[in-house]
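This briefing goes through one structure, grouped by topic.

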Number of protein chains: 2
Amino acid sequence: MSETISPLAPKKYPKMPSIDGVRIATAEAGIKYKGRTDLLAMVFDTGTTVAGVFTRSKCPSAPVDFCRQNLPVGKARVLVVNSGNANAFTGKRGRETTSMTGEAAAKAAGCTSGEVFLASTGVIGEPLDAGKFSHLLAGLVRDGKADQWTEAAKAIMTTDTYPKVATATVKLGDADITINGIAKGAGMIAPDMATMLSFVATDAPISAPVLQDLLSRGVGKTFNAVTVDSDTSTSDTLLLFATGAAAKRGVPVINDPKDPRLAAVRRALGKILKTLALQVVRDGEGARKQVEVTVTGAKSARSAKRIALAIANSPLVKTAVAGEDANWGRVVMAVGKAGEPADRDRLSIWFGKNRLAHEGERDPSYSEAETSAYMKRDEISIRADIGIGRGKATVWTCDLTKEYVAINGDYRS
Amino acid sequence: MSETISPLAPKKYPKMPSIDGVRIATAEAGIKYKGRTDLLAMVFDTGTTVAGVFTRSKCPSAPVDFCRQNLPVGKARVLVVNSGNANAFTGKRGRETTSMTGEAAAKAAGCTSGEVFLASTGVIGEPLDAGKFSHLLAGLVRDGKADQWTEAAKAIMTTDTYPKVATATVKLGDADITINGIAKGAGMIAPDMATMLSFVATDAPISAPVLQDLLSRGVGKTFNAVTVDSDTSTSDTLLLFATGAAAKRGVPVINDPKDPRLAAVRRALGKILKTLALQVVRDGEGARKQVEVTVTGAKSARSAKRIALAIANSPLVKTAVAGEDANWGRVVMAVGKAGEPADRDRLSIWFGKNRLAHEGERDPSYSEAETSAYMKRDEISIRADIGIGRGKATVWTCDLTKEYVAINGDYRS
């Protein structure tokens with residue numbers, strides 16, 4: 001947790017409602033941080049289903065391995081998350097820690113360790129001593145309360161400058177269901193995965209395979225479309241829990257991913273994932289501006305996304321935005337280096353509504369004054385039209401500032 | 001040209017000898033910079049052969065297109081280079097500029113425009129007015145002198161803080177030949193190409209196809225193994241000229257790339273390319289440390305190079321080096337994100353001689369004090385052994401400092 005809150009932090013936070021079937025507790029375990037919570041337990045009623053997506057890193061953390069092992073059964077009773085230590089690259093000891101934590105949590109909740117999900121975030125490579133917090137789990141499971149969502153978001157923060165929460169209530173059949181989500185992440189954020197950590201829960205009665213379908217389709221244009229620094233974490237974990245408690249209020253049980261009644265849930269979930277993903281970008285380490293990069297006219301949607309990410313990950317584009325310089329030449333460079341089909345002489349580039357380049361050269365009608373004024377905004381939108389097809393994609397990033405360098409030049413110590 | 005010279009600049013520069021058959025002149029054309037040279041002409045004797053490698057950007061500059069068109073003939077009489085404007089993404093006007101410059105240079109040197117080579121470096125997207133300097137070419141071609149290599153290196157600088165030169169003299173057959181090289185580049189430097197601009201000349205009598213073979217093989221472990229910021233330029237150009245003047249001194253003419261007499265030339269050229277490439281890295285924008293990244297034990301050499309580049313391009317690894325923090329966890333992250341075969345539990349990591357991680361976890365005998373002392377050096381070496389094969393690669397980069405952000409947040413204006 002930083003002392004300076006990101007200037008892009010939300011102006012106000014939503015009041016997080018309860019999710020029937022979910023109870024939450026946090027604690028100060030003192031794993032690394034002092035004077036703040038660093039341990040979270042979420043307890044789910046019997047019958048809760050779960051879906052997940054994880055980092056594609058070849059060096060995943062021990063908790064990621066643990067969750068991957070439990071996910072196929074699709075049942076969840078407890079989630080335990082700690083901040084301050086990622087339990088990543090910790091070898092055999094790391095596996096012992098997840099095993100011990102899983103058993104302690106299972107004992108506390110009266111379930112099997114196959115129904116426990118774990119996540120850890122913080123420094124990589126330091127052994128995580130389960131003994132530091134496993135004795136707290138029984139109390140957390142016992143004392144969990146339904147209204148602790150914002151507290152949960154705070155307990156999982158590392159270099160985050162604000163807690164990230166989102167909520168939505170929509171109809172499923174004839175009754176309301178609610179979806180709550182929390183996330184954390186500020187650096188080591190890149191697509192090809194979820195984000196660092198995000199946990200979403202709903203009271204909707206949705207079977208595990210349907211839940212997985214909803215989540216896997218939901219991440220493409222949300223968490224997998226944001227990047228802070230192109231660095232994929234070892235620990236990225238996004239879990240979606242469905243307690244089914246809303247069935248008591250007449251909400252139908254959904255067992256088919258093609259059920260048309262899911263449309264509103266899909267939209268609401270998409271909105272929550274996008275809100276959380278954008279909050280992660282807006283809390284990008286050192287971020288002063290949010291940058292939306294849209295690529296149109298590419299050969300395919302996949303190609304468009306690759307080009308968009310080449311722009312969004314370019315240090316030269318990101319420093320130009322930090323310097324409030326509409327340096328569209330660097331966008332040309334990034335399109336060129338993406339390795340995707342492109343035709344220099346058909347390329348057009350916009351910053352906001354200002355078209356700076358058109359059909360392979362500077363737009364003659366381009367106004368430096370108007371564009372300079374635009375670059376002073378908090379939210380910058382860059383569009384590149386490749387001019388060769390109909391592929392389209394949007395990704396989000398933040399600028400690259402001296403503060404990013406300062407934060408990351410002195411994190412571990 | 002920056003006012004502050006990189007702390008990694010060479011302590012001393014070699015005295016550059018002449019290359020028989022090459023004459024050089026520079027001028028202040030005032031294209032963008034004031035009070036410094038920004039125009040270079042190199043004139044080659046009749047019979048000079050040429051080889052080249054260029055950016056793989058899909059948005060190449062007009063001069064890159066021009067050189068690519070002339071290269072297959074393999075003959076060169078003049079090279080014209082300007083700094084301050086890249087003539088990239090300048091559309092039809094860009095092509096008119098290269099065409100006009102090519103004709104003016106050809107007229108001055110009494111050759112065809114197919115024997116002219118051009119390069120431009122500087123801002124992307126601004127039209128380059130050939131009228132600003134084409135009238136100077138006749139004088140430059142007439143007044144060229146053999147001993148102006150360091151002046152040549154100065155005229156092509158942009159954000160470079162020092163001129164980059166290298167020279168070697170080796171035996172070919174029974175007589176000496178000399179190879180001189182110059183380079184420029186400080187940002188927008190990434191592999192998959194040459195570097196921004198580099199020009200190398202020798203008096204050896206080597207046919208164009210053999211020269212191309214020497215150059216294409218030479219770049220893989222030199223220019224194509226360095227990265228400052230992962231951003232591939234639109235303008236990267238590396239040209240190698242052979243005047244053949246040494247034939248008069250009894251040096252044999254080489255027409256076969258497998259000629260065993262080439263071995264020493266190959267080595268000397270490799271050394272020059274590596275020296276120039278490292279000088280580019282050591283002048284990386286804001287660089288305070290040189291970082292050598294070696295990956296061993298990968299599935300193949302290609303896979304090793306990809307992993308090495310994932311490490312070398314990681315903002316989190318680069319900022320850790322800037323902060324003198326031996327944050328090997330970020331090396332684990334970068335290995336994991338590279339998308340190449342890897343086994344977390346066989347991975348070992350060294351900073352210098354200090355082994356920090358071994359077989360998937362922190363090395364128990366690792367000394368924080370010794371490693372911290374090591375991190376204070378100017379030249380840091382990182383090694384990751386993947387533990388699954390025999391593939392090996394080394395790449396070079398620099399650290400990512402606040403100065404990089406400062407330089408690039410205010411370049412165009």
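Which residues of helix α1 (residues 62-70) of chain B are buried? They are Ala62(B), Pro63(B), Val64(B), Phe66(B), Cys67(B) and Asn70(B). The model is a predicted one.

**Helix α1 of chain B**

- The buried residues of α1(B) pack against two kinds of element: the strands β3 (49-54), β5 and β9 (237-242) of chain B, and the helix α2 of chain B.

**Chain A as a whole**

- Chain A contains 11 helices and 15 strands.
- Its radius of gyration is 22 Å, and the globule rule gives 22 Å for 413 residues, so chain A is as compact as a globular protein of that length.
- The C-alpha trace of chain A spans about 70 × 55 × 35 Å along its principal axes.
- Of the 413 residues in chain A, 61% are buried.
- Among contacts in chain A with a separation of 6 or more, 80% are between residues 24 or more positions apart.

**The four-stranded sheet of chain B**

- Strands of chain B in the order β1-β2-β4-β5 make an open sheet of 4 strands with mixed pairing.
- At its edges are β1 (22-27) and β5 (116-123) of chain B, each of which pairs on one side only.
- With direction ignored, neighbouring strands of this sheet are turned by 10° against each other on average.
- Within the sheet, β2 (residues 39-44) and β4 (residues 78-85) of chain B are antiparallel and share 5 bridges; Val43(B) is opposite Val78(B) of β4(B).
- Helix α2(B) packs on the sheet and touches β2, β4 and β5 of chain B. The direction of α2(B) makes about 135° with that of β5(B).

**Strand β10 of chain B and its partners**

- β10(B) runs parallel to β14(B), with 7 bridges between them. One of the pairs is Thr296(B) with Asp385(B), its bridge partner in β14(B).
- β10(B) also runs antiparallel to β15(B), again with 7 bridges. Here Val293(B) is opposite Val395(B) of β15(B).
- In a regular strand, side chains alternate between the two faces of the sheet.

- Ile311(B) belongs to helix α7 of chain B.
- Is Ile311(B) buried or exposed? With 27 other C-beta atoms within 10 Å, Ile311(B) is buried, because the cut-off for a buried residue is 20 or more.
- Leaving out residues up to four places away in sequence, Ile311(B) touches Val293(B), Val317(B), Val331(B), Ala334(B), Val335(B), Ile382(B) and Ala384(B). Among these, Val293(B) is the residue that stands opposite Val395(B) in β15(B), and Val317(B) is one of the buried residues of α8(B).
- Ile311(B) and Lys337(B) are 26 residues apart in sequence, with their C-alpha atoms 9.2 Å apart in space.

**Helix α8 of chain B**

- Helix α8 (residues 315-322) of chain B is mostly covered, with 8 of its 8 residues buried. They are Pro315(B), Leu316(B), Val317(B), Lys318(B), Thr319(B), Ala320(B), Val321(B) and Ala322(B).
- The elements covering these residues include β10 (290-298), α7 (301-312), α9 (328-337), β14 (379-385) and β15 (391-398) of chain B.

**The contact between chains A and B**

- The contact takes 52 residues from each side, chain B and chain A.
- On the side of chain B that touches chain A, the elements giving two or more residues are α2 (91-109), α8, α9, β13 (361-362) and α11 (402-408) of chain B. α9(B) gives the most, with 7 residues.
- By residue class, this side of chain B holds 19 nonpolar, 20 polar and 13 charged residues.
- Chain B superposes on chain A by a rotation of 180° with 0.0 Å of shift along the axis, at an RMSD of 0.0 Å. That is the relation of a two-fold axis.
- Lys402(B) is the residue of chain B that comes closest to the rotation axis, with its C-alpha at 2.3 Å.
- The copies meet through the same surface, because 100% of the interface residues of chain B are also interface residues in chain A.

Methods: Residues are numbered from 1 along each chain as its sequence is written. Chains are lettered from A and ligands numbered from 1 in the order in which they are written. A residue is buried if 20 or more other C-beta atoms lie within 10 Å of its own, exposed if 12 or fewer, and partly exposed in between; C-beta atoms are placed from the backbone. Two residues are in contact if their C-beta atoms, placed from the backbone, lie within 7 Å. Ala, Val, Leu, Ile, Met, Phe, Trp, Tyr, Cys and Pro count as nonpolar, Asp, Glu, Lys and Arg as charged, and the others, Gly among them, as polar. The radius of gyration is taken over C-alpha atoms; the globule rule is 2.2 Å times the number of residues to the power 0.38. Copies are superposed by least squares on the C-alpha atoms of residues with pLDDT of at least 70 in both. Two strands pair if DSSP finds at least two bridges between them. Axes are lines fitted to C-alpha atoms, for helices over the stretch in contact, and angles run from 0 to 180 degrees between N-to-C directions.
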